Amino acid sequence: MIETNVKISAFGYSAYFRSDLGGNCYRLCHEPTHSELLRTPKDEDELFSEVYLFGNPILFPSNRIRGGEFEFEGRKYSFPINEPSTGCHIHGELYKRAFEVEKLESDRVIFTFSSKKGEYLGFPHAFTLKREYFIDSDGLCESVEITNGSEQNMPFMLAFHTTLNVPFSPCGDGGSCMLEVPVIREQLRDEKYLPTLKYASGRERDSMLSSGSYNIISGALSSLYEVSGECAYIRDEKSCLTLVYEGDENYKYRMLWRRDGADFVVIEPQTCAIDCFHLEKSAEENGLIVIKPYESLKLVTRFSLRESFLGKPF
């Protein structure tokens with residue numbers, strides 16, 4: 001059994017959260033169709049055995065940083081090496097930090113995390129991050145608001161390790177679940193999952209992803225793509241339902257990951273390229289967000305369920 005300290009419901013959707021795990025929405029169900037959109041752990045032991053692979057864990061900084069270090073505006077930033085096999089820092093720790101429940105209503109919740117300069121993994125900026133979720137007729141919407149509480153420009157790299165069920169409907173089937181993502185090109189990586197400074201595009205899988213004909217359970221998947229649109233879709237042809245995962249224009253990349261044989265797929269909206277500070281172009285050209293002193297930025301994602309052929313939300 002999983003402990004839940006926050007639940008919100010409306011319009012047939014129910015969302016369950018853990019404030020002690022970064023405000024993670026670890027379960028999202030659509031009751032009229034009995035659909036379970038997010039991969040949900042059976043119990044506490046399973047949750048903590050693979051905390052990345054349930055719900056939508058928040059990642060800051062996102063993905064890997066080579067050697068855990070980079071320079072920004074002449075300042076050196078250092079994060080602890082938490083992946084010894086690659087010598088990288090990976091994903092930060094917000095996903096396992098406790099957030100305050102700032103506001104809770106039947107259909108809305110706001111989780112807040114604040115850090116003074118240096119408190120969060122040595123990050124040399126004071127900041128506040130809020131995760132606000134609300135349910136409306138179009139599904140579950142999340143806005144992340146990040147506020148730079150320091151006197152210097154702050155680099156910001158955000159992603160979610162969102163893990164979706166395949167199939168998500170009890171009437172569906174993994175073999176009938178097709179993935180559509182508006183991919184442009186893939187950032188190629190080496191054996192340590194770090195960028196090679198090369199990109200690939202125009203391959204058969206890219207065409208299948210763009211056209212929505214990529215069968216999710218066809219094999220293992222581990223690729224970061226630049227994308228040209230805001231929505232990713234999982235269409236279950238058997239149940240005639242479509243799961244839509246939308247990210248606003250700040251999410252210029254999608255990380256796609258699935259281990260072979262798994263009944264889930266990870267579709268990460270990500271604001272920047274992997275290791276964006278160590279590529280040929282500037283970090284900003286590779287998606288880095290820069291937040292000015294004492295200013296805020298809001299980023300939005302949304303989950304919704306639709307009838308596949310009519311395209312209507314429930």
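Q: Why is L179 called buried?
A: In this predicted model, L179 has a relative accessible area of 0%. Buried means under 20%, so L179 qualifies.

Q: What does L179 touch, beyond residues up to four places away in sequence?
A: Its contacts include M208, L209, Y214, I234 and I267. Contact means heavy atoms within 4.5 Å.

Q: Where is L179 placed, and how far is its C-alpha atom from that of D190?
A: L179 sits in strand β17.

Q: What is the strand order of the open sheet of nine strands?
A: The order is β10-β11-β12-β13-β27-β23-β22-β17-β20, and the pairing is antiparallel.

Q: What makes β10 and β20 edge strands?
A: Each pairs on one side only. β10 covers 100-105, and β20 covers 214-215.

Q: Which helix packs on this sheet?
A: Helix α2, residues 204-211, does, touching β17 and β20. Its direction makes about 100° with that of β17.

Q: How do you know that β10 and β11 pair?
A: Five bridges join them. Pairing needs at least two, so β10 and β11 count as a pair. The two strands run antiparallel, and E100 stands opposite T112 in β11.

Q: What lines the largest pocket?
A: The lining has 16 residues, with R64, I90, H91, H161 and W257 nearest the centre. By class, six are nonpolar, four polar and six charged. The pocket's volume is about 340 Å³.

Notes. Residues numbered from 1 in each chain as written. Predicted model: local features only at pLDDT ≥ 70, side-chain atom pairs only at ≥ 80, totals over all residues. Heavy atoms only, no water. 1 Å grid on protein atoms, 1.4 Å probe; cavity = no way out; pocket = protein on both sides within 12 Å on 5 of 7 lines; lining within 4 Å. Points joined across faces, edges and corners; volume = space filled by probe spheres on them. Nonpolar A, V, L, I, M, F, W, Y, C, P; charged D, E, K, R; others polar. Helix = DSSP H or I, 4+ residues; strand = E, 2+ residues; numbered from the N terminus. Axes fitted to C-alpha atoms, helices over the stretch in contact; angles between N-to-C directions. Buried < 20%, exposed > 50% of the residue type's maximum accessible area, 1.4 Å probe, protein only.
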